[in-house]
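Please keep the sequence and the structure at hand while reading.

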Amino acid sequence: MALFVLFESASGYALFEGLDMDEIGQTQEAVQETIIDMARFGKVVKLKGFKPFTSAANALGEINMISDSICSEDLKNFLEMNLPKVKDAKKAKFQLGVSDPKLGNSIVEQTAIPCVCNDHIGEIVRGCRMHFTRFLKALKDGDYEKAQLGLAHSYSRAKVKFNVNRADNMIIQAIALIDTLDKDINTFVMRVREWYGWHFPEMTKIIADNMQYAKSVLLMGDRARAADHDFSGVLDEEIENDLKDAAMISMGTEISEDDLNNIKQLADQVVSLSEYRIQLYDYLKSRMNAIAPNLTVLVGELVGARLISHAGSLINLAKHPASTVQILGAEKALFRALKTKHETPKYGLIYHASLIGQAAPKFKGKISRVLAAKCALSIRVDALGETSEPTIGIESRAKVEARLRQLEGKTLGVASGVAKGKPDVKKHDKGRSSDTPALLTAPKSYNPDSDATEKKKEPKSEKKDKKKRDEEEEEGGDEKEAKKAKKEKKEGKEPKSEKKEKKSEKKEKKEKKEKA
């Protein structure tokens, strides 16, 4: 049976015909030796046909079809032109060797050409790839390598959907650096305040802002020269006057010029890092508006960037349901609650969004659930949509704000511009139809079983009077019994209650004697 081998190259489709298959050998070592030697491999196969790709776009389309194991129209026409005609694959007198079994199934379905895929075919394809430029003498040196490189780049871009303006990896790096800078700046500022506080301790309470504190240290230096400097570009007039007055009566220790220089260098680092942090935030803001505009409108730049960073990418975040987006970042609390059988957390990173911050504590859980649902939709639009404008984000934010005002008991649709919903017509009369409540339906026959008599309710004042009477009667009965007992004691008679007790005692004594 004749054997043909299909080879997909970067420059086009090639079809090889097997000549003397016994020459290739049976063992794996013999096959490898035959493949390496071009003189021997040239006796095994020969080039039957070649169809070059017409353009780079055509090459990319064909390779995408091959990678998806689909037989394209170009490949189908190429095989039908260079192979014998076949009506039934079982009756064919030849086989087509392919490197992918799924592609072989697709070729069989469309052309009825019998295909085979095994290790033997894989070794022959490897030899065709190794000596391909020798079979095609029209190719110049370096042309095939350029075609391979260009197709590899275009294929990779198409697979990863590469877009410079939508690279979410930059967002992940930027938000990680911002978090690191915040920690470092806070640590350095604390060290500057503690270090310079030995020289001028009163300055810590006067200047609360960290940037103003660091700039004042750079400008002033020694507190003895505070009156000689102008702090108008850094501090307000009142704070400047308080600072100069406190510098004159400060209780701090004197420090050397060398110590002061080291403090200034640290303060300079604080100022430069703070300025860089502002620039980095502006960069992150522009990237978020370009990559995830709808998510940015809903939760802001920082919270949106942290959600993307936590998920790993925008595509991964789009795969999460709304319930996962809601508690993203609170995994430890979630598993701890599941383990201890306590209540699960209601929010994670999304808690820092401004909409949840505006809600009252008792409504934060409900608003976080609504916001997470809208965020899940917005993320999918950002990840899979083609527009770079907040199409659904503005409407979603308006709906979340409307829900927040509804929970707080305020009117809907005034501040956010959301149209008021039509109030549902409540049926106060059963005789009115559901479709047209303004019209009465046909009267129904009288049903005496549906009648019910209403019990007359007694007023509260009468109930109170009854209670008082009952209490007075009980008290009166107790008083009468007490008076009778007193009279009997005065007359020397025993009270009835005592007589009954004595009688019961006597009976018990008699019963004991009889038993004994």
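## A pair within one helix

Arg397 and Glu401 both belong to helix H21 (residues 393-407), and because they are four residues apart there, about one helical turn separates them. In this predicted model, Arg397 forms a salt bridge with Glu401, and their closest N and O atoms are 3.3 Å apart.

Side chains of opposite charge can pair when their charged atoms come close. By the rule used here, the count of salt bridges comes to seven.

## A pair between two helices

Another salt bridge joins Arg306 to Asp179, with 2.7 Å between the closest N and O atoms. This pair links distant parts of the chain, since Arg306 lies in helix H15 (residues 301-311) and Asp179 in helix H9 (residues 168-197), 127 residues apart.

Arg306 counts as partly exposed, at 27% relative accessibility, and Asp179 is likewise partly exposed, with a relative accessible area of 26%.

## A pair between two loops

Arg223 forms a salt bridge with Glu254, and the closest N and O atoms of this pair are 3.3 Å apart. Arg223 is found in the loop between helix H11 (210-220) and helix H12 (237-248), while Glu254 is in the loop between H12 and helix H13 (257-291), so the pair ties together parts that are 31 residues apart in sequence.

Notes: Residues are numbered from 1 along each chain as its sequence is written. This is a predicted model: local features need pLDDT of at least 70, side-chain atom pairs count only at pLDDT 80 or more; totals for chains, interfaces and linings use all residues. Side-chain values use heavy atoms; hydrogens and water are left out. A salt bridge is a side-chain nitrogen of Lys or Arg within 4 Å of a carboxyl oxygen of Asp or Glu. Buried means under 20% relative accessible area, exposed over 50%, partly exposed in between (1.4 Å probe, protein chains only).
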